[in-house]
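Q: I am new to this structure and would like to learn how to read it. Please take one feature at a time, with the general idea before the case.

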Amino acid sequence: MSEHCGLVAVLGAPNAGKSTLVNALVGQKVAIVSPKAQTTRTRLLGVAMEGETQILLVDTPGIFDAQRRLDRAMVAAAWGGTDGADVIALVVDAKGGLGPKVMPIAESIAGRPERKFLVLNKVDLADKAKLLVHAERLNAAVAFDETFFVSAATGDGLPELKRAFAGTMPAGPWHFPEDQVSDATERALAAEVTREQLYLQLHAELPYASVVETEKFDERADGSVEIHQQILVARPTQRAIVLGKGGARIKEIGARARAELMELLDRPVHLYLHVKVKADWDEDREVYRDIGLDWVD
């Protein structure tokens, strides 16, 4: 059998479950997942294998009406993620339905030449009768090549979706070694893991305005890794929230992030977190470069 390799752009509104879907197709975690919408900030490439076919999954930030510069940069990254794709997969939260954000995205891909798959996700939670209504409405707006009903959380329908993706990939050499699951550097992955813990532990208290920068990522002689990260927040009150009473919260964030990093990197990790107040971090070009977003005017 000959090798095949191609690109699938995973699009959708915030919280459609795109990151969970990419992780499930890859078979391990490559994208951070949180109950808070808009957690994916940059295009992330997950590499899934199906037989002799390598499927490159670009998990794009959720597309939404962007006002702030950071939001506009994320939307630009999402649309950039569709460049050169062999398939555009529109992921829709079947439980949440076709709120105001879904149809505009669907309509914006209607005229594109790529093959288009509709993926109705979270079917384990959705009303079955509404599922078919959503599918009909979306297929009326866009000529989807295929429609899939899946649950990224339970794995329902994923083998069929993965086989369908593989079937559309052109013949050509693999872009990555068979055991590589992502193009994210270990340094970037470390920042994402800590950012996920910030969201999971503080999502109600800490606004979306925080960023994690990996300032140092060094291999020690004993094979372990020393990682120093800076968490930037906009106000002193936010710094107090991240630190917690007597530093308890930052310790817990660090402990959980370190445990996950040890598993992902498969070696001991020494993680040092520092919280810094920087009022306009989301207007700093260097921060955008560090987290992998293009600056947008």
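A: Begin with the term nonpolar core: a set of buried Ala, Val, Leu, Ile, Met, Phe, Trp, Tyr and Cys residues joined through side-chain atoms within 4.5 Å. Buried means under 20% relative accessible area, exposed means over 50%, and partly exposed lies in between (1.4 Å probe, protein chains only). This is a predicted model, in which local features need pLDDT of at least 70 and side-chain atom pairs count only at pLDDT 80 or more, while totals for chains, interfaces and linings use all residues. Residues are numbered from 1 along each chain as its sequence is written, and side-chain values use heavy atoms, with hydrogens and water left out.

Q: Which residues of the largest nonpolar core touch the most other members?
A: The core has 24 residues, and Val8, Leu21, Ile55, Leu57, Leu161 and Phe165 touch the most other members. At least two core residues come from each of strand 1 (4-11), helix 1 (18-26), strand 3 (53-59), strand 4 (87-93), strand 5 (115-121) and helix 5 (158-167). Helix 5 gives the most, with five residues.

Q: What does valine 8 touch?
A: Contact means heavy atoms within 4.5 Å. Not counting residues up to four places away in sequence, valine 8 touches Ile55, Leu56, Leu57, Val58, Val87, Ala89, Phe165 and Met169. There is also a second, separate core of 21 residues, which includes Val92, Ala106, Val123 and Val142.

Q: Where is valine 123, and is it buried or exposed?
A: Valine 123 sits in the loop between strand 5 and helix 4. With a relative accessible area of 9%, valine 123 is buried. Leaving aside neighbours within four places in sequence, its contacts are Ala94, Lys128, Leu131, Phe149, Val150 and Ser151. Serine 151 is 28 residues from valine 123 in sequence, yet the two C-alpha atoms are 5.5 Å apart. Lysine 122 is in the loop between strand 5 and helix 4 as well; it has a positive phi of about 65 degrees although it is not a glycine. Lysine 122 is partly exposed, at a relative accessible area of 22%.

Q: How should I read helix 4, and which of its residues are buried?
A: An α-helix has 3.6 residues a turn, so residues three or four places apart point the same way. In helix 4 (residues 128-141), the buried residues are Leu131, His134, Ala135 and Leu138. They lie on the same side of helix 4 because they cover an arc of only 100 degrees around the axis, the arc being that of the directions from the helix axis to the C-beta atoms. The face turned away from that buried side carries the exposed residues Ala129, Leu132, Glu136 and Ala140. Cover for the buried residues includes strand 4, helix 3 (102-109), strand 5 and strand 6 (146-149).

Q: What caps the N-terminal end of helix 4?
A: Aspartate 127 does, through a side-chain oxygen 2.9 Å from the backbone nitrogen of alanine 129.

Q: Which residues of helix 8 are buried?
A: In helix 8 (residues 248-265), they are Ile250, Ile253, Gly254, Ala257, Glu260, Leu261 and Leu265. Their arc is only 140 degrees around the axis, which puts them on the same side of helix 8. Exposed Lys251 and Glu263 are on the face turned away from the buried side. Among the elements covering the buried residues are helix 6 (186-202), strand 7 (210-219) and strand 8. Aspartate 266 follows helix 8 and has a positive phi, near 60 degrees.

Q: With which side chain does the side chain of glutamate 226 make a polar contact?
A: A polar contact is a pair of N or O atoms within 3.5 Å; within protein, one must be able to donate a hydrogen and the other to accept it, and residues adjacent in sequence count only if both atoms are side-chain atoms. For glutamate 226, the partner is the side chain of lysine 216, at 3.4 Å. Glutamate 226 is in strand 8 and is buried, with a relative accessible area of 16%.

Q: What is the average pLDDT of the protein chain?
A: pLDDT is the predictor's confidence in each residue, from 0 to 100. The chain averages 79, and 74% of the residues score at least 70. Over residues 32-42 the pLDDT is below 50, although this stretch has 55 contacts in the model beyond near neighbours in sequence. Where pLDDT is low, the predicted coordinates should not be read in detail.

Definitions and conventions. Helices (H or I, at least four residues) and strands (E, at least two) are DSSP runs, numbered from the N terminus. The expected span of a helix is 1.5 Å times one less than its number of residues.
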